[in-house]
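Here are my notes on this one, written to be read with the model open.

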Amino acid sequence: MANVVVLGAGLGGTIMAYELRDGLGAGHTVSVVNKGAQYSFVPSNPWVAVG
Ligand SMILES: Cc1cc2nc3c(=O)[nH]c(=O)nc-3n(C[C@H](O)[C@H](O)[C@H](O)COP(=O)(O)OP(=O)(O)OC[C@H]3O[C@@H](n4cnc5c(N)ncnc54)[C@H](O)[C@@H]3O)c2cc1C
């Protein structure tokens with residue numbers, strides 16, 4: 001049984017976690033560790049700046 005930890009829940013980490021979840025069998029765990037509690041979709045950050 002594998003315990004896979006993905007560091008960073010940005011675009012790369014989030015997609016990787018979903019791919020791992022789909023690809024690994026049910027006997028394996030996937031954990032995602034992120035710096036903060038919120039997901040940030042980086043390409044949309046300019047929209048925050050302009051309200
Ligand atoms: C304004 C802007 C517009 C963009 N537009 C596009 C676009 O249209 N199309 C496109 O393909 N790409 C676009 N990009 C590029 C794209 O956003 C990045 O290539 C992509 O976000 C990189 O993904 P990443 O997972 O490597 O990093 P990120 O998405 O930045 O994720 C990194 C994650 O790691 C976390 N983290 C950082 N330090 C730690 C730590 N010490 N411990 C735990 N977690 C940590 C962060 O909180 C974050 O969630 C754009 C970028 C910008 C800035």
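**Notes on the ligand site**

1. Start with the make-up of the site: by class, the shell around the ligand has six nonpolar, five polar and one charged residues. Keep in mind that this is a predicted model.

2. Now the names. Around the ligand you'll find Gly8, Ala9, Gly10, Leu11, Gly12, Gly13, Val33, Asn34, Lys35, Val42, Pro43 and Pro46. Helix H1 (residues 11-23) is the top contributor to this shell, giving three residues.

3. One sits 3.1 Å from a polar backbone atom of Leu11, and a backbone N or O atom of Gly12 is 2.8 Å from a ligand oxygen. Asn34 uses its side chain: an N or O atom there lies 2.8 Å from an oxygen of the ligand. As for cover, the ligand on its own exposes 1,000 Å², and the protein buries 39% of that.

4. Pro43, one of the shell residues, belongs to the loop between strand S2 (29-33) and helix H2 (45-49). Pro43 and Leu11 are 32 residues apart in sequence, with their C-alpha atoms 9.6 Å apart in space.

5. One surface feature to check: Val5, Leu7 and Val33 make up a nonpolar patch with about 300 Å² of accessible area together. Val5 is found in strand S1 (residues 3-7), while Val33 is also among the residues surrounding the ligand.

Notes: Residues are numbered from 1 along each chain as its sequence is written. This is a predicted model: local features need pLDDT of at least 70, side-chain atom pairs count only at pLDDT 80 or more; totals for chains, interfaces and linings use all residues. Side-chain values use heavy atoms; hydrogens and water are left out. A residue is near a molecule or strand if one of its heavy atoms lies within 4 Å of it. A polar contact is a pair of N or O atoms within 3.5 Å; within protein, one must be able to donate a hydrogen and the other to accept it, and residues adjacent in sequence count only if both atoms are side-chain atoms. Accessible areas come from the Shrake-Rupley method with a 1.4 Å probe; for residues, only the protein chains shown count as cover. Helices (H or I, at least four residues) and strands (E, at least two) are DSSP runs, numbered from the N terminus. Ala, Val, Leu, Ile, Met, Phe, Trp, Tyr, Cys and Pro count as nonpolar, Asp, Glu, Lys and Arg as charged, and the others, Gly among them, as polar. Patches are made of residues with over 30% relative accessible area and no salt bridge: like charges are joined within 9 Å, nonpolar side chains (Val, Leu, Ile, Met, Phe, Trp, Tyr) within 5 Å. A salt bridge is a side-chain nitrogen of Lys or Arg within 4 Å of a carboxyl oxygen of Asp or Glu.
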